[in-house]
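Subject: Structure handover and notes

Dear colleague,

I am passing on the structure below, followed by notes on what was found in it. Please read the notes with the model open beside them.

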Amino acid sequence: MLYHADISDQELHRKIKSSELTLGGNSHLRIFGALDCWSGKRMKRENRVFFMSREEALEAGYRPCGHCMKIDYDQWKPNSDQDLFPREIDPTANLLSGDSIVNDYGQVISFDSAVEYFSRLCEEIQWRHDEAVMFGKKIVTKRKVAWYGSRRFEYAYSNTTKVALPWVDVLVELKQLVEQRTGEQYNSCLLNLYHNGSEGMAWHSDDERDLKPQGAIASLSFGAERKFSFKHKKTKKVVSMILRSGNLIVMKGQTQDYWMHRLPPTKVVHEPRINLTFRTIVE
Ligand SMILES: O=C(O)CCC(=O)C(=O)O
């Protein structure tokens, strides 16, 4: 496997011409495909890799592209649980209780579109490592974050303040989709990028003073499947679910008052995941 960043364009063209390199890939997504696949066109140079063969790409843990390597992709796809065990989804069912409401809308984006959105989010979002101040010390997380909104909203959490960036096309599209599905409006979005299962988020509630009290928070996931848990602040009851690529859930009512949530770290996930939480900042 060869990283584009490690080779000159001249050398690259020579290797492609002599068929030393026959396939391309995205190291962020761990997907490989044809050198002329359109879904690879928008990729940043630092994410682009090249392979001699399909076998080399598979051995490196990359999976075939669903657009340009349809046959390989179809052979690979049925291995995911989601196709073997489709879930019955009732978006009106409350996964918590009483006025603490969590609704699961299931897979609102098809597998192929979710792959494409993941790629666009990697490229179009201004990702930065998150910062927190704990016991007077600045901590920089491995996880990356971004904060976007309809205005330059300030969002203060973990003793740091972020100023919202203006919406970009991919977020406008996803905001519309989420608003249609959930019947709620949102004016901002916090994004988290977890490079693999070693990165997660500790127990917390989204109850910062900048957020609309009891406002709906819609969570949309892309990439690796991860477990997501809620814990009741008093009874300590835990409710867990698996969030898959394209999965939408909404937390509303008194969820943030009575429950905490977290994304536990895990040793078994090696793929990246992106989560978007659409929120409402008090104006
Ligand atoms: O990545 C996730 O699903 C969790 C994100 C989260 O807890 C948050 O943004 O408050």
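The shell of residues around the ligand divides into 5 nonpolar, 5 polar and 1 charged, where Ala, Val, Leu, Ile, Met, Phe, Trp, Tyr, Cys and Pro count as nonpolar, Asp, Glu, Lys and Arg as charged, and the others, Gly among them, as polar. Please keep in mind that this is a predicted model, in which local features need pLDDT of at least 70 and side-chain atom pairs count only at pLDDT 80 or more, while totals for chains, interfaces and linings use all residues. Residues are numbered from 1 along each chain as its sequence is written.

The ligand shell

The residues around the ligand are Leu190, Asn192, Met201, Asp206, Ser219, Phe228, Leu243, His261, Leu263, Asn275 and Thr277, a residue being near the molecule if its C-beta atom, placed from the backbone, lies within 6 Å of it. Two or more of these residues come from each of strand E12 (188–194), strand E18 (259–263) and strand E19 (273–279); helices (H or I, at least four residues) and strands (E, at least two) are DSSP runs, numbered from the N terminus.

The two domains

The domain assignment of the protein, which comes from an automatic or database source, gives domain 1 (2–77) and domain 2 (81–279). Their centres, taken over C-alpha atoms, are separated by 30 Å. Domain 1 gives 10 residues to the contact and domain 2 gives 10 residues, with two residues counted as in contact if their C-beta atoms, placed from the backbone, lie within 7 Å. On the side of domain 1 that touches domain 2 there are 2 nonpolar, 4 polar and 4 charged residues.

The helices

Helix H6 (residues 169–182) has 14 residues and reaches 20 Å from its first C-alpha to its last, close to the 20 Å expected at 1.5 Å a residue, the expected span being 1.5 Å times one less than the number of residues. Its buried residues are Leu171, Leu174, Lys175, Val178 and Thr182; a residue is buried if 20 or more other C-beta atoms lie within 10 Å of its own, exposed if 12 or fewer, and partly exposed in between, with C-beta atoms placed from the backbone. Seen down the axis of H6, these buried residues fall within an arc of 105°, so they line one face of the helix, the arc being that of the directions from the helix axis to the C-beta atoms. In general, an α-helix has 3.6 residues a turn, so residues three or four places apart point the same way. The face of H6 turned away from the buried side carries the exposed residues Asp169, Val172, Gln176 and Gln180. Among the elements covering the buried residues of H6 are strand E8 (137–149), E12, strand E14 (217–223), strand E17 (247–253) and E19. Just after H6, Gly183 takes a positive phi of about 70°.

Helix H5 (residues 111–124) also has 14 residues, and its end C-alpha atoms are 20 Å apart, in agreement with the 20 Å that it should span at 1.5 Å a residue. In H5, Ala114, Val115, Tyr117, Phe118, Ser119, Leu121 and Cys122 are buried, and the buried residues of H5 pack against E2, H6, E14 and E19.

Individual residues

Most residues other than glycine have a negative phi, and most peptide bonds are trans.

Gly215 is partly exposed, with 19 other C-beta atoms within 10 Å, and, leaving aside neighbours within four places in sequence, Gly215 is in contact with Arg279 and Thr280.

Asn247, in strand E17, is buried, with 26 other C-beta atoms within 10 Å. Not counting residues up to four places away in sequence, Asn247 touches Gly106, Gln107 and Ser221.
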